[in-house]
Amino acid sequence: MAAAPATVSRRLLGRLRDVMAAGGSSQHRLNEVVRLIAADMVAEVCSCYVMRAGEVLELFATEGLLQTAVHETRLRVGEGLVGDIAAHARPLALADAQSHPNFAYRPETGEEIFHSLVGVPIIRGGRVIGVVAVQNKSRRHYTEEEIETLETVAMVLAELVTAGELISPDELAPVDGNAVLPTRLEGVRLTGGIAIGVAVMHEPQVVVQKLVAEDPQVEMDRLRDALGRLRHTLDEMFEAHDLAFVGEHRDVLETYRMFAEDAGWTARITEAIQSGLTAEAAVQKVHEDTRVRMSQVSDPYLRERLHDLEDIANRLLQHLVSGDESHSTAASTELPENVILVCRSIGPTELLDYDRRRLRGLVLEEGSPTMHVAILARALDIPMVGRVQDALQRISPLNPVIVDGDNGQVFVRPADDILDAFAASQVARAAKIADYAAMRTLPPVTRCGQPVRMSLNAGLMADLPQLEATGADGIGLYRTEMPFMSRAQLPDVSVQTALYSRILDLADGKPVIFRTLDVGSDKLLPYWQSEREDNPAMGWRAIRITLDRPALMRAQLRALIRAAAGRDLHVMFPMVAEVNELDRARAILEMELTRHQTSGGVPPERVRVGTMLEVPALAWQLPALLKRVDFVSIGSNDLTQFLFAMDRGNTRMAERYDVLSPAMLNFLRWIAHECRKAGVPLSVCGEMAGRPLEAMALLGVGIRNLSMSAPSIGPVKAMVRSVFLPALEDYMTGLYALPDRSLREYLRNFALDHGVLI
Ligand code: PEP
Ligand code: MG
């Protein structure tokens, strides 16, 4: 009779430890281990199979089967019961093994007399590297505890197998996706959406073989030649993508050209060549030096630029080593139909090398939302998850992969049910998008006939086509800092004028509210060196900077005025805390308007000036404020953080306070009331306006103007068209005085009871 399982496990482990410590060859120890397991589990057979190159499981040791089968018997992954265990990376316990459809009879083992079998995978680093199985003559029902014991033992076996003596470690390197565990990897969302495909590894590393040069002059010529060809390919890339990549995407490529033409960079390479290196070795050396220096830079934006530099250095190396850049990355090889690109990091031009029609998703080990490639992926609508630790090791080429951009997770080698679920949700998503698109021309009017203005938040050129696609009323918030952030240097007046003018052209008569530069806090400019602050969100940012550096504000306003010549201009100032700040900003605007007119410029048709309301202090000056502005827009993201004294970027605080609290809703209701009394249009452009339940509450407090990102327009419009405001307002009247921390559940119940689509 078997002893209690926990005891079996502990006793067995004790003995295994002795075997492992005793020394001898690995094969000898493995033989001992299977003997011990068989004895302890009261089984006639215990066998250990090890995964060999090519995904075959080889019998490495057995107690009970014929010894002549050792190193002879081999099973493919998926073949027989042992192959089944490896393929699904899960235990199997069968009282009648031979009646299992996957049973594969191997006469050389003499196993026909054993009826029952229990086996578990031997796993290391998420991969199946072998199987250990126990067999009995009787039709034995193995218990859960026995399976657990065997799993514990398998961990010890994993040590033995990976120690390197039984088989070469190379053989354990991943080959393809069959024999590995489904894994879920966590990262951060860089672009939303779901992508299903197979992994293609992006490994652009070029191996420099010849280090020392005979003639520096020859190397200089080679460098010049390679640089020329590099510039040429970049130019071609510009041309090829000219139509698709306007605005910021062009800026991304411009940054590249800047690197490629950077005199300091080429001077350092030249210097290295003069010291005796080949051109390619010189490029690599300079690149390594820069890398070391840049990696010590704490500024995340600058660090992202390192990837751009890496991209360009790799391209140059490819020109030098193989004559052109087209042969060394996965982009130039035959690609599968649905590519999920896995990389440490990738530069924008490298991304453009891949066939867009085959590229479904991106998985990066590094990455942040402000990196150029993320901007590009968003514009191309490629779901992307970043900061996935060890992605290159944990995903193997051609592994099936699901990128769940919405939730920042990646499923590697997913089980069939997970694949089905995602495929279904992809279909549902597409159907929903189609539904929302069908609503494009339907007016955002409530069931009781109240029109609601719905506008877009934008910051990229790529956002502009969404105006047409969503049927939004205009751009309620254009974050001008975005184009500033994606450039390598401060854009001058003419660059800004061209940009704003293009935005107005694309908006085609719909109003665009330009918010002046809101930098500082978490929005850093690469060329703007400011001092470190303990509390940057409450520090020198937005209008505080532009009032202190009026040249910056003037340049921007001048560009806006020029761009809007003969058209309407809407300007909004961010982070205004007191009326005086608005007055000073307005005075600068007036000055620029006068200057524009006296120098013969065509003035804007109309100028509308507004303020963000995101600092609570401003709400206590509403009577004075409302006399001075044409509109107000509530930045609920910042307003919430300042109202509750809660850092908006601190994940510990994320759930602590709710925008649907009595405090926030009372505050908003009062502001809405004051603005209505004064006849000043009020909108909300923070994230809450784009969430259907929150947007419903905003309608309830009296706000009729919402600005949100493009994907929110459909869901919020569905809510607007299904709500009956008198009932909502009535219901909410009973909520404002409640002591609850959140009114979310009450509001949700109202929506459910009244058929409001949230
Ligand atoms: C806000 O604070 O709500 C807002 C819209 O501005 P940003 O998110 O750009 O700070
Ligand atoms: Mg803000």
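**View 1. Packing of helix α23 on helix α24.** Helix α23 (residues 636-643) packs against helix α24 (residues 662-678) at an angle of about 120 degrees, and their axes are 11 Å apart. Because of this angle, α23 is oblique to α24 (under 35 degrees counts as roughly parallel, over 145 as roughly antiparallel, 65 to 115 as roughly perpendicular and the rest as oblique). Axes are lines fitted to C-alpha atoms, for helices over the stretch in contact, with angles from 0 to 180 degrees between N-to-C directions. Helices are DSSP runs of H or I with at least four residues, numbered from the N terminus. The crossing of α23 past α24 is right-handed, meaning that the near helix is turned clockwise from the far one by less than a right angle. From α23, Ser636, Leu639, Thr640 and Leu643 meet Met664, Phe667 and Leu668 of α24; contact means heavy atoms within 4.5 Å. This contact of α23 with α24 has five nonpolar, two polar and no charged residues (Ala, Val, Leu, Ile, Met, Phe, Trp, Tyr, Cys and Pro count as nonpolar, Asp, Glu, Lys and Arg as charged, and the others, Gly among them, as polar).

The model is predicted: local features need pLDDT of at least 70, side-chain atom pairs count only at pLDDT 80 or more, and totals for chains, interfaces and linings use all residues. Residues are numbered from 1 along each chain as its sequence is written, chains are lettered from A and ligands numbered from 1 in the order in which they are written, and side-chain values use heavy atoms, leaving out hydrogens and water.

**View 2. Surroundings of ligand 1.** Of the 14 residues around ligand 1, Arg479, Arg515, Gly635, Asn637 and Arg648 come nearest (a residue is near if one of its heavy atoms lies within 4 Å). An oxygen atom of the ligand is 2.9 Å from a side-chain N or O atom of Arg479. For Glu614, an oxygen atom of ligand 1 is likewise 2.9 Å from an N or O atom in the side chain. At Gly635, a polar backbone atom is 3.4 Å from an oxygen atom of ligand 1.

**View 3. Packing of helix α25 on helix α27.** Helix α25 (residues 692-700) and helix α27 (residues 725-733) cross at roughly 85 degrees, their axes coming within 9 Å. The two helices α25 and α27 are therefore roughly perpendicular to each other. Met696, Ala697, Leu699 and Gly700 of α25 make the contact with Leu725, Leu728, Glu729 and Met732 of α27.

Conventions. A polar contact is a pair of N or O atoms within 3.5 Å; within protein, one must be able to donate a hydrogen and the other to accept it, and residues adjacent in sequence count only if both atoms are side-chain atoms.
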